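Visitor: I have the sequence and the model open side by side. Could you walk me through them, one question at a time?

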Number of protein chains: 2
Amino acid sequence: MSGPRYTKLVQSLPASVPFVAPEQQERKQGYAFAARLGANEGLFGASPKAIKAMQEQAGQQWKYGDPISHDLRAALADHHGIEAKNIVVGEGIDGLLGYLVRLLIEPGDAVVTSDGAYPTFNYHVAGFGGVLHKVAYNQDHEDPSALFDKARETNAKLIYLANPDNPMGTWHEGTVIETVLDTLPPGCLLVLDEAYIDFAPLHTSPVTDIEDPRIIRMRTFSKAYGLAGARVGYAMGAAELIKNFDKIRNHFGMNRAAQHGALAALQDQAWLARTCEAVSRARDRIAQIAAQNGLSSLPSAANFVAIDCGKDGAYASEVMTALTAEGIFVRKPIIAPQDRCIRVTCGPEQDMDLFEAAFARALMKSSKNFQ
Amino acid sequence: MSGPRYTKLVQSLPASVPFVAPEQQERKQGYAFAARLGANEGLFGASPKAIKAMQEQAGQQWKYGDPISHDLRAALADHHGIEAKNIVVGEGIDGLLGYLVRLLIEPGDAVVTSDGAYPTFNYHVAGFGGVLHKVAYNQDHEDPSALFDKARETNAKLIYLANPDNPMGTWHEGTVIETVLDTLPPGCLLVLDEAYIDFAPLHTSPVTDIEDPRIIRMRTFSKAYGLAGARVGYAMGAAELIKNFDKIRNHFGMNRAAQHGALAALQDQAWLARTCEAVSRARDRIAQIAAQNGLSSLPSAANFVAIDCGKDGAYASEVMTALTAEGIFVRKPIIAPQDRCIRVTCGPEQDMDLFEAAFARALMKSSKNFQ
């Protein structure tokens, strides 16, 4: 009996997974993490109103969700001062990045990103046969000019830029992006991943015309709104571009309770503001914990802080492993020299206390092992 | 400013939507449906244990779901007497069909389905550039032999067959599929959509080896388990085929509460049995309502019944429109001669009462309009 005939592209792909989940680590190691500080989740939780909305909808899950997420898109349009036709809601930014890559990228097409930036974007590009061109970070910042230069050089159809950046937490003022946008090569699209924008200082998001065909922005309810498990993201852009998602997206792919939860979360901006204040305090706390241990950390505009462990990537990996043994889940950048850091998600005092205690021990252990 | 450069395939695609949702109809018509009998949802609702599990998880939605759906897959493996490596969980059968088509179909590849079968499958095939070859129903049944003949004739990589069928509700005994499977052309895969299998008589599902590389089965929590809004489906097949989904799927695409809800639903087989009994009674009731109005209906192994309105497709459309005006949401087949029918989802007594009253009036109105 012969098996299925896969596409040439699929035959060439590895069965790669962008991230190993903490649950998988827990099953492997045989104990649960005491603090979950590795996935930049919203540890301060979702608005109680969002939780209530999802609970109320649990009994209504026998119904399919609204395939056009009408109410949520209307509220988002109102929130951003744009029209619903400029918004597509999808299964998290991950899902939307997959759709976007599929809209633009055929085998051989060039795509530009930063070396060490979001692996899931790279996964989608590879999955549609795109050719990734990577640009180095510049002093732990993504480098917009270098990205745009590389796009021109490679005739790229798509550039990925996260602002604030993940995994470093660094950011550019919106005007930097506004300026560089005017140098975008014709026929190239900038996908601006603003997953962490809610935590950033004012003016971090560039001011552009929503009908500008050169840029699409991605936003999410997974971070500041504390709804990572709900899987609700959205993209904002020119109506013509947004309409194209309807050609390929999984129209009935949205969880119904999640649509209601996201709407309620959006309507509780007071909760969002309190969350962002709490994240800001936790960033200071993480920086302070680093300093207590004689280490520096990077200023961050996101809900995590990159701590410079002071040596190379191998040492930072030791520290991460030691933290895992202490029951603390963190992740780290994978490309030098950013890989000298570990990345710690902001959380409530209790989690920060656990991290503080574990970090000192992990550093002691790592120093001993790392001669 | 120039816009993005779409792929040739995307440029050729219409912005088609497989289905218009009842919510969209409601917004257009300005009133809510009194009975939602058009999308074959599980009107008897999910197990209270599933609802409770989703409510309990609402406050945990700040965490991403487990990307490998470990616990759910383990329970499904146990339930089916197979291994977890033979199961992939995805965002409903719709999502999984999209992944499957992407694994196999490049522009120009042949795919076979029945004319009038599941539009969302066709949407995915078109979305990856596949060429659909359609085979007629045979006496309101999908025709396995004709499908397989057409696959041989066109060198198809994929055949779609739903058993029980949607939209007609008809079915084949499992042995029919077992027998025809031995005539599958080499290099062709049968995707057997068993979304409605829980409602079907014993022996409707074919008995095959899980490692048989010629067949993949799709199952869902959307129908008998009453969790359409949760978006949880799964595919069962040879480990090698299942592993390939990991090359392209949205690993973090599953809603966390939905994973827990599906697990709890699976563990409440008593609720499932009661639901299927209630559906069976409702099928009889719908047949009886048809008979009261001098109409016949098709025997059904699903949670809906196709009522033969006794004239052509235009007349059945009139009846559907008249039902809509009465506040009853139903859908209908679109291809002749199946389009002579309307398709009515099974529901609790109250919904069936509403349908009974509205149907008599709708028929009267349609007869008058349709001279």
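Guide: Happy to. Please keep in mind that this is a predicted model. Let us start with a pair of helices in chain A: α5(A) and α6(A), residues 119–127, pack with their axes 9 Å apart, at an angle of about 35 degrees.

Visitor: In which hand does α5(A) pass α6(A)?

Guide: Two packed helices are described by the angle between their axes and the distance between the axes. For this pair the angle is about 35 degrees and the distance 9 Å. The crossing of α5(A) past α6(A) is right-handed.

Visitor: How do the residues of the contact of α5(A) with α6(A) divide by class?

Guide: From α5(A) come Asp94(A), Leu97(A), Gly98(A) and Val101(A), while α6(A) brings Thr120(A), Phe121(A), His124(A) and Val125(A). By class, the contact of α5(A) with α6(A) divides into four nonpolar, three polar and one charged.

Visitor: At what angle do helices α5 and α6 of chain B pack?

Guide: In chain B, Asp94(B), Leu97(B), Gly98(B) and Val101(B) of α5(B) meet Thr120(B), Phe121(B), His124(B) and Val125(B) of α6(B). That contact has four nonpolar, three polar and one charged residues. α5(B) passes α6(B) in a right-handed crossing. The axes are 9 Å apart, and the angle is about 35 degrees.

Visitor: Now for the two chains together. Which element gives the most to the side of chain A that touches chain B?

Guide: The contact draws 76 residues from chain A and 77 residues from chain B. On the chain A side, the elements giving two or more residues are α2 (22–29), α3 (48–58), α5 (92–104), α9 (239–245) and α10 (256–266). The one that gives the most, with six residues, is α5(A).

Visitor: How many charged residues does the side of chain A that touches chain B have?

Guide: Split by class, the side of chain A that touches chain B has 32 nonpolar and 25 polar residues. The charged residues on that side number 19.

Visitor: Which helices do the buried residues of α10(A) pack against?

Guide: α10(A) is mostly covered, with 11 of its 11 residues buried. Among them are Arg256(A), Gln259(A), His260(A) and Leu263(A). Their packing partners come from both chains: α3 and α4 (70–80) of chain A, together with α3 (48–58) and α10 (256–266) of chain B.

Visitor: Which strands of the open sheet of chain B stand at the edges?

Guide: This sheet has three strands in the order β9-β10-β12, with antiparallel pairing. Two bridges join β9(B) to β10(B) (residues 304–308), with Ser296(B) partnered by Asp308(B). Five bridges pair β10(B) with β12(B), where Phe304(B) stands opposite Thr345(B). One side of each edge strand is left without a neighbour in the sheet because each has a single partner strand, and those strands are β9 (296–297) and β12 (341–345) of chain B.

Visitor: Is β12(B) largely enclosed or left open by the rest of the structure?

Guide: On one face Cys341(B), Arg343(B) and Thr345(B) are buried, and on the other Ile342(B) and Val344(B) are buried. Since five of the five residues of β12(B) are buried, the strand is largely enclosed.

Key: Residues are numbered from 1 along each chain as its sequence is written. Chains are lettered from A and ligands numbered from 1 in the order in which they are written. This is a predicted model: local features need pLDDT of at least 70, side-chain atom pairs count only at pLDDT 80 or more; totals for chains, interfaces and linings use all residues. Two residues are in contact if their C-beta atoms, placed from the backbone, lie within 7 Å. Helices (H or I, at least four residues) and strands (E, at least two) are DSSP runs, numbered from the N terminus. Ala, Val, Leu, Ile, Met, Phe, Trp, Tyr, Cys and Pro count as nonpolar, Asp, Glu, Lys and Arg as charged, and the others, Gly among them, as polar. Two strands pair if DSSP finds at least two bridges between them. A residue is buried if 20 or more other C-beta atoms lie within 10 Å of its own, exposed if 12 or fewer, and partly exposed in between; C-beta atoms are placed from the backbone. Axes are lines fitted to C-alpha atoms, for helices over the stretch in contact, and angles run from 0 to 180 degrees between N-to-C directions. A crossing is left-handed if the near helix is turned anticlockwise from the far one by less than a right angle, and right-handed if clockwise.
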